[in-house]
Amino acid sequence: MKKILSLVIMIGITFSAILIFNQPVKAARQTQIEVQINNHEKLRATLNNSSAARQFSRELPRTMHFRNYMDGYDEKIADLHHPLTTKGMPRGNNAKAGEIGYWSPDRRIVFYWGNVSYYPGIHIIGHFTKNTDLQLIRHLNSSDKITITRVRN
């Protein structure tokens, strides 16, 4: 009787483990956005599910002016004028071409059109959908009006 009871318990535990570990993984909720340049070109991008991205998403629509950071850096920056929470995010990151970041030391949104080395304070909050958009981002200047809106599904 003990052997049968032990067998039933082991089968139950195994079955429970199968049920638990075979659950479908829920994809993190991402927010689709549109980045419009001077009321003309419309670029598509996605914000991730990080704390900073969720907070920034709640502030949309928003119009910003992006400019070069400094010569030799493959990024465009726009002042946010207030902090975003970075709770649960890595302390820093290296950015890849096409990513959207939050630069926490200076409270800026950053569009990366090239790769950038690791720095503490870089927080990746999203990415552009098409690599072909990188040339448009590269040639943005401070007089361009950039309007960022959420895309309604």
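**Note on the cores, ring pairs and backbone of a predicted model**

1. The largest nonpolar core has 28 residues, and Phe56, Ile109, Phe111, Ile125 and Ile148 touch the most other members. A nonpolar core is a set of buried Ala, Val, Leu, Ile, Met, Phe, Trp, Tyr and Cys residues joined through side-chain atoms within 4.5 Å. Buried means under 20% relative accessible area, exposed over 50%, and partly exposed in between (1.4 Å probe, protein chains only). Two or more residues of this core come from each of strand 1 (31–37), strand 2 (41–47), helix 2 (51–58), strand 7 (99–103), strand 8 (108–112), strand 10 (122–128), helix 3 (134–138) and strand 11 (146–150). Helices (H or I, at least four residues) and strands (E, at least two) are DSSP runs, numbered from the N terminus.

2. This is a predicted model, in which local features need pLDDT of at least 70 and side-chain atom pairs count only at pLDDT 80 or more, while totals for chains, interfaces and linings use all residues. Residues are numbered from 1 along each chain as its sequence is written, and side-chain values use heavy atoms, with hydrogens and water left out.

3. Leaving aside residues up to four places away in sequence, Ile109 touches Phe56, Met64, Phe66, Lys76, Ile77, Ala78, Leu80, Leu84, Ile100, Gly101, Tyr102 and Ile125. Contact here means heavy atoms within 4.5 Å. A second, separate core has eight residues, including Ile77, Trp103, Val116 and Ile124.

4. There are three aromatic pairs in the structure. Rings of Phe, Tyr and Trp (its six-membered ring) pair if their centres lie within 6.5 Å; planes under 30 degrees apart count as stacked, over 60 as edge-to-face and the rest as tilted. The Phe66 and Phe111 pair is stacked, because the ring centres are 4.1 Å apart and the planes are at 15 degrees. This pair links distant parts of the chain, 45 residues apart: Phe66 is in the loop between strand 3 (62–64) and strand 4 (67–68), and Phe111 is in strand 8. Both Phe66 and Phe111 are buried. Ring pairs also join Phe66, Phe111 and Phe128 into a cluster.

5. Tyr69 and Tyr73 make an edge-to-face pair, with 5.1 Å from centre to centre and 80 degrees between the planes. Tyr69 is partly exposed at 32% relative accessibility, and Tyr73 is partly exposed at 30%.

6. Most residues other than glycine have a negative phi, and most peptide bonds are trans. Leu60 and Pro61 are joined by a cis peptide bond, with omega about 5 degrees. Pro61 is in the loop between helix 2 and strand 3. Asn38 has a positive phi, near 50 degrees, and lies in the loop between strand 1 and strand 2. Arg107 has a positive phi near 55 degrees and lies in the loop between strand 7 and strand 8.
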